[in-house]
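Please go through the points below with the model open beside them.

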Amino acid sequence: PTIIEMQHIRKVYIMGTQQVEALKDINIQVKKGEYVAFMGPSGSGKSTLMNIIGCLDTPTSGRYFLNQKDVSQMNEDELAEVRNKEIGFVFQTFNLLPRMNALDNVALPLIYAGYKKSERIARAMQALENVGLADRAHHKPNELSGGQRQRVAIARALVNNPSILLADEPTGNLDSKTSYEIMELFNQIHAQGNTIIMVTHEDDIASYAERIVRLRDGLIESDLPNPQKVRLP
Ligand code: ADP
Ligand code: ADP
């Protein structure tokens with residue numbers, strides 16, 4: 001099944017008298033279980049496209065179907081609901097809450113989803129276990145390494161079983177060894193059937209994806225399978 005279908009997506013930012021056409025005409029389909037990397041130079045429209053895919057923003061024109069549902073015309077409340085249900089976000093800067101321990105950070109999305117406390121703890125613990133961090137459940141972010149913080153963020157992103165894991169420069173703040181460990185974890189998550197969409201400007205990180213889409217000046221310059229995909233040993 002198709003998870004993402006974009007038709008003629010255009011995004012124009014208006015700043016005073018200036019208009020910036022960040023996306024000109026984006027057409028793309030992503031199927032359930034695909035692992036896609038978006039690349040492209042700074043200013044090519046990656047963040048803008050990620051914001052639209054993640055339902056943080058809507059296109060100026062064009063249609064975006066997420067799981068068959070047209071989300072391109074939704075209002076802020078409808079978008080928030082779709083976002084909470086369908087998208088798990090991972091950022092370069094981890095974005096964990098500093099006063100909460102790892103377990104509570106991971107459990108947070110389950111509050112909005114309406115689970116009762118015992119269920120939240122059990123699910124969050126399982127999610128931490130899945131990323132190899134059960135023994136760090138009661139540590140706060142500042143007591144964890146960068147790689148561990150990103151694992152917590154990944155557990156939080158996946159705890160609600162979203163349709164898409166959306167990762168914006170997930171290794172941007174990590175050294176290379178830790179970056180490859182995070183990419184091995186992404187390989188496992190992908191092998192479990194999850195759909196992953198990642199933005200990176202590093203070729204060796206993109207090489208973990210099975211499909212590489214390059215943006216330039218708000219257009220898709222190329223969209224190719226990745227024969228070099230780095231597979232699990
Ligand atoms: P990156 O290239 O790492 O994706 P950017 O500098 O393009 O980072 O964007 C960082 C954030 O700032 C994004 O959320 C983007 O929407 C916003 N942004 C980028 N350019 C502008 C701009 N000219 N005016 C306002 N916000 C911008
Ligand atoms: P990338 O992530 O590839 O660096 P962006 O999507 O951030 O690209 O930016 C694409 C273009 O849109 C750039 O010219 C950028 O300056 C502009 N832009 C991005 N976000 C905003 C914004 N919030 N307001 C105005 N211009 C923006």
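The numbered points below cover sheets, helices, a ligand site and backbone angles.

1. Basis. This is a predicted model, in which local features need pLDDT of at least 70 and side-chain atom pairs count only at pLDDT 80 or more, while totals for chains, interfaces and linings use all residues. Residues are numbered from 1 along each chain as its sequence is written, chains are lettered from A and ligands numbered from 1 in the order in which they are written, and side-chain values use heavy atoms, with hydrogens and water left out.

2. Open sheet. Four strands, in the order β2-β1-β4-β5, form an open sheet with antiparallel pairing. β2 (18–31) and β5 (69–70) are at the edges with a single partner strand each, so one side of each has no neighbour in the sheet. Helices (H or I, at least four residues) and strands (E, at least two) are DSSP runs numbered from the N terminus, and two strands pair if DSSP finds at least two bridges between them. For β1 (residues 2–15) and β2 the antiparallel pairing extends over 10 bridges. Within this pairing, Q19 in β2 is the bridge partner of I14.

3. Helix on the sheet. Helix α1 (residues 46–53) lies across β1, β2 and β4 (61–66), at about 125 degrees to β1. Axes here are lines fitted to C-alpha atoms, for helices over the stretch in contact (heavy atoms within 4.5 Å). Angles run from 0 to 180 degrees between N-to-C directions.

4. Ligand site. Around ligand 2 are Y13, M15, V20, A22, P41, S42, G43, S44, G45, K46, S47 and T48, where a residue is near a molecule if one of its heavy atoms lies within 4 Å of it. From the side chain of K46, a polar atom is 2.9 Å from an oxygen atom of ligand 2. A polar contact is a pair of N or O atoms within 3.5 Å.

5. Strands β3, β9 and β10. β3 (residues 35–39) and β9 (residues 211–216) run parallel and are joined by 4 bridges, with F38 opposite V213 in β9. β9 is also joined to β10 (residues 219–225), in the antiparallel sense, by 6 bridges; here R211 stands opposite P225 in β10. β9 and β10 make a hairpin with 2 residues between them, and D217 in the turn has a positive phi of about 50 degrees.

6. Helix α5. This helix (residues 146–158) has 13 residues and spans 18 Å from first to last C-alpha, close to the 18 Å expected at 1.5 Å a residue; the expected span is 1.5 Å times one less than the number of residues.

7. Positive phi in loops. Most residues other than glycine have a negative phi. C55, in the loop between α1 and β4, has a phi near 60 degrees and counts as buried at 1% relative accessibility. N161, in the loop between α5 and β7, has a positive phi of about 55 degrees. Is N161 buried or exposed? At 60% relative accessibility, N161 counts as exposed.

Definitions and conventions:
A polar contact is a pair of N or O atoms within 3.5 Å; within protein, one must be able to donate a hydrogen and the other to accept it, and residues adjacent in sequence count only if both atoms are side-chain atoms. Buried means under 20% relative accessible area, exposed over 50%, partly exposed in between (1.4 Å probe, protein chains only).
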